[in-house]
Structures are given as structure tokens and as C-alpha cells.
Amino acid sequence: MIRASGITLRRGTKVLLENAEFVVHPGERVGIVGANGAGKSTLFALLNGHLDTDAGQVVIPATWQIASIAQEIDDTDRLAIEFVMDGDTRLRRLQHERATVDADHDGLRLAELEAELFDAGAFSAQSRAEQLLVGLGFAFDEFTQPVASFSGGWRMRLNLARALMAPSDLLLLDEPTNHLDLDAMLWLERWLASYAGTVMVISHDTEFLDSVAKTILHFDDGKLVRYKGGYEDFLEQRAERLRQTQIAFDRQSREAAHLQKFIDRFKAKASKAKQAQSRVKALARMQLLAPVRAASGIHITIPSPTQMPDPLLSLDKVSAGYGDAPILRDVKLSVRAGARIGILGANGAGKSTLVKTLAGELAPLSGQSKEARGLEVGYFAQHQLDILDPEATPMQHLARIAPDTREQELRNYLGGFGFSGDFATAKVKPMSGGEKARLALALVVWKKPNLLLLDEPSNHLDVDTREALTEALAEFEGTMLLVSHDRHLLRTTVDSFWIVADGNVQEFDGDLEDYRDWLATRRSEAPPPAKLDGNGDDASPELDRKAQRRADAESRQRMSVLKKPLEARLKKVETAMATFEARKKELDTLIADPTLYDDARKEERRKVLLEHGEAGKQLEMLEEEWLTLQGELEAIDG
């Protein structure tokens, strides 16, 4: 196990951890959470051996191999498939030695190397690397492209694939989902479920954390506090701790009353029954978070629009893209007043292209875009963080776009985005990515837009700020189109979905679970890839019987790799279902006992009924997941 005792970590003059301790058991799935700047990445650097503690010690078993994601990648002419396979350093070392051994002079060593290569999985290495690349969204014809040809986000995916390729006992994942679309994120969840080692993951995506983590380590006032269970369990336990210690009790009470009014207003607003159900669950979770957010002090307020024409914007047979290469073709859509739309689709499908076209940043290649009189667009995308002036303050940024507004009004407005007191007059340069994103959003919504176009607004935000943004967007009274891989944000703030795929944009009649099923069906119906030779050419006509047998073996192996995490997850789901069914039967017996309704057992009765309801909900969710997993397995078997 990993055991830390009495550790102190500093970054400059800031104390991140002081006399902290924690343990991580073999095989655990641990989520690391905390505010931006709390020290999460510094903790990973410590575990990786890249820095030392200021005090105390961390003990990791000497035999453990550690794999982690490199945060940067140099330009290289290395082919993508080779770059990923390089992650298995032992295999590469053996392959290099095998290529240099002279069989005539050292036959014994050659035989040893052949055995070691077999143990290292040399036969299946390329297939494993291909499976990682496919799972993370790469097309087969991209396997033989140089790393330098990929954009920054796709290079980070290559770094992730390389880390997963490495044999390891401890896997350290720092924000692995930042550059993934929903399809790749769901694949990664399944991959991690079948991983045999210990996983420690830093993520601000709460649904990803809840799916992957079974233990939470929370950076809390210089300590690491351990919570049993996933992220939702952490929320409940931490909320209870805050209540018990009476932190900001009055603020919590006001926040809870505000949220109850908010929930009553919005819980039935979703346009479809399944989406409405997701909205109710998500908002109930927000109510649970009231004391947590009260302690964090982050409260974002987005001003209401002054007018709302209908429709706001429409595209008529629009083709959109860059140069002479359209990504979207003959798009016909209308954005109605009050619409709250989530935009789904794989990376590269054209989601950002669609949003840029709607925002007017990208002129249509053909067709017509019509704007209503009075349209006021607020467009947020990640590149806007880059145009912030690092030497200016939040106050100076806002004053530049509102030069005639009183200073106190500007301060009040910035305070609603967490920039109060001296923070409003501090330079942007040393701010975290999340703080810069908050400032960029504040500048975007200053003019009270009636149409918000948001492209991954929650990237780089810590959990507390994400929750504050989620509430602010859910309360926003205008129209909103949202691109995000944050499922909680989507569930809570949108009423319907569009899918961008195959050059088209279509309404999607369903919720995120239906979208997951749509993805599984789409994968199962995809045509098999062509077999490529070393130059990327189709070598299928040249396959002889021996090569065909090998291709068949590799195909079976790929199917096995695809099925393995699904079967492992299915087994866990079935075990959990049996546990909840057994407990529900026990609770049924208690509920049927007339003495439970005596006044003396009032508190026990409340707990029994509450647990019975929760067990029923958990069973329903597990049954849905069981059906989905069975469907995915059947799709693989064809």
C-alpha cells in the first residue's frame, strides 16, 4: 500500500499540506478533489518522485511500477501507433536488444529474449495500442500519422494512450477527461473498471469521478481527508460534516431556501419526460450541495436579458467549415426563445464549428444565417482565455468594455463571479485556469445576452466553481446552447439535445443514457477497418493464409479486449444488484412489522423508509446499467 505520514508540502510560501497523512490500499480507485491551487498536481509530482516533501515521508512499495500522463508533448515525427507503444518501455528495451543480438554468437541470450518478449506480450502489443487509440477516438488512418500532425488536444489523448499502454501497478491520472468527448470518456470508464492495479485520479468531472472512484481524498485546510465511496458519497458525508460543525449555518439556511425555490421553478421545465427526470435528480443533488457551496463562497450570477425575440437565430441550408472543406452541410435549424440545448457529438464532428457559425465568428460557406432584431450573443470558448491581458486586473478588463459604469457597480458585478476585494484588482497573470475562465465568462455575459453559446465552459474549473456555474446557468432566463463533456452540467441545465454527426445536425429525442445507447449501436454498425501495411496502404489483397489466420486471431483478441471491461463491470453490477435486493427484502420485512410505527421507533422508521427508497432507486439504476451492458456485449458479438 501507499502510506504517507506527517507530510508537509509547500509551493513557494504557500502551505499545501501540513502534517497530513493518508493510505491507499492495493487495487483501490481513489479520486483526488480540492479547489484549484490546493495541491493536487503537486501531490502527484511527489508520488512520481519528481519532488520531495518538506517534512514527513511517503512510502510506496519498491516493486510497484508507476504510470502517469505527461502534461506536455514535444513535436515529433514518431508515428502515433509507435509513440503509444513506446509507453511499454520494457517491451521496447527487449525489442531493441532482440534486434541487436547476433544469433550465431549468442543463441542462448536470443532464446531468453524470445521468452521474455513472449512474457511482455510482444505478440499483442500492436493490437493493444490500436485498441487504446480506437477507444480514445482516433481513426485507423491516423495511426500512421506523425505526432506533430495532431493538435494539442489530440496529442494529450496520445499521452493518455501512452500512459495506459505502460504496464503499471499504480496509475496516476491528472485530468484525463479534459480533452475527451463523451464517447471516449465512457470508454475510459470501462477501461479503468477492468484495470487490475491501483488508480489515483484528479478530475473536476464529478460524474466521471463517481463512476471511477471508490474512495475520495479531499484537500481540506492543509489536510487530506478520506471519504469512503464515490463522489456522491463524498458530497453527502462532507455536507453532513459541515452541518455538524455548524459552518456558516445562517448562509446555509438562506442557500437551501433559495435552492428550494429554484428547484420548484425548474424541476418540471424540461421538454421531455426522461430529460425532466434527469433534471429533478440533478437539482436534488444541487440541494444537497447547499452547505458545501456556502462554505466555498463561490456564487456566480448571470444577468437576465432585457429582451427575447423569437426565433433568435436560424440557419437555412448552411454549409460550414474552413477554406473549401465543409465540415457541416445543408444545416437547417432554428434557435427558439427560451431553448436550452445540449450539443452532442464526437470530437471533430463539428460541434465547435456549429457554435462558431452561430456566433458569427465563422461565415457560412453557403446557405443563409438569419438573426433576429435585438439578438445579443454571448459566446464563450476556451480560446478567450488566451486573449485576456495578463498584466491587467479583472476591474481593468471590465472597465474597458464598460467605461461609463461606476466603479462600485463594476465591483459588485465582479463579486458575483468570485472576484471581490483585492482579488478584483489583482493581475490576471498568476491566476489559475479556472479563475481565468470565470473572468472570461463574466466579460461575456456583461451585456446581458439573450443567447448564450458555450463551448466547454467548465474546463479547468474546480468542483465548487463548476457547481456555482451549473446553478447560474440553470437559473439563466435566456436561451442557451451548450457543448460540454460534463454530464452533470448537461443534465442540470439543458432540456433537449442536438447531435452533430456525419456532417449533419439533428434533434435528438432522448437523454444522455439514450445517447450512450446510440453510440453503442453506431459502433456496432460501423464497417470493419481496412488492414493497413506499413505505408498506410490497403494490404488486404496480399494477405496469404498465414496472415489471414493472424488477422483472425487479432480480431478475436480485439473482441476480447472490448468485452473484458464490459464483462467485469457486468459482474460488479450483478453483485451490487444481489446486495441491494437482499437488503431491500430485509427492509420490506421491517416495514411490514406493525411495531415499527410505534412512536418510540419514529427515528428508526424514518431511517428504514429512507433506506428503502434509496435501495429501490439504486436497484433501478443498476438494472438500467445491466441492460445497457448486455446490449453492448451483444453488439460486439454481432
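## Salt bridges and a helix pair

Arg157 is buried, with a relative accessible area of 1%. The model that shows this is predicted. Arg157 lies in helix 6, residues 152-165. Its side chain meets that of Asp181 in a salt bridge, at 3.9 Å from N to O. Asp181 also counts as buried, because its relative accessibility is 7% and the cut-off for buried is under 20%. Asp181 sits in the loop between strand 6 (170-174) and helix 7 (182-194). The pair therefore links distant parts of the chain, 24 residues apart.

Side chains of opposite charge can pair when their charged atoms come close. The structure holds 20 salt bridges in total. Three of them, including the one just described, are set out below.

| Salt bridge | N to O distance | Relative accessibility |
|---|---|---|
| Asp181 and Arg157 | 3.9 Å | Asp181 7%, Arg157 1% |
| Glu114 and Arg98 | 2.7 Å | Glu114 39%, Arg98 29% |
| Arg78 and Glu82 | 3.9 Å | Arg78 35%, Glu82 26% |

Some salt bridges share partners. Glu189, Glu207, Arg487, Arg491 and Glu513 are joined in this way into one network.

Glu114 and Arg98 come from two helices. The salt bridge between them has its closest N and O atoms 2.7 Å apart. Glu114 belongs to helix 4, residues 107-119, and Arg98 to helix 3, residues 89-100. The two residues are 16 residues apart, and the pair links distant parts of the chain.

Two packed helices are described by the angle between their axes and the distance between the axes. How do helix 3 and helix 4 lie relative to each other, roughly parallel or roughly antiparallel? Their axes come within 10 Å and cross at roughly 155°. Helix 3 is therefore roughly antiparallel to helix 4, because angles over 145 degrees count as such. The crossing is left-handed.

Which residues of helix 3 and helix 4 meet? On the side of helix 3 they are Arg90, Leu91, Leu94, Gln95, Glu97 and Arg98. On the side of helix 4 they are Arg109, Leu110, Leu113, Glu114, Glu116, Leu117 and Asp119. By class, this contact has five nonpolar, one polar and seven charged residues. Arg98 and Glu114, the salt-bridge partners, are among the residues that meet here.

Methods. Residues numbered from 1 in each chain as written. Predicted model: local features only at pLDDT ≥ 70, side-chain atom pairs only at ≥ 80, totals over all residues. Heavy atoms only, no water. Salt bridge = Lys/Arg side-chain N within 4 Å of Asp/Glu carboxyl O. Buried < 20%, exposed > 50% of the residue type's maximum accessible area, 1.4 Å probe, protein only. Helix = DSSP H or I, 4+ residues; strand = E, 2+ residues; numbered from the N terminus. Axes fitted to C-alpha atoms, helices over the stretch in contact; angles between N-to-C directions. Parallel < 35°, antiparallel > 145°, perpendicular 65-115°, else oblique. Left-handed = near helix turned anticlockwise from the far one by under 90°. Contact = heavy atoms within 4.5 Å. Nonpolar A, V, L, I, M, F, W, Y, C, P; charged D, E, K, R; others polar.
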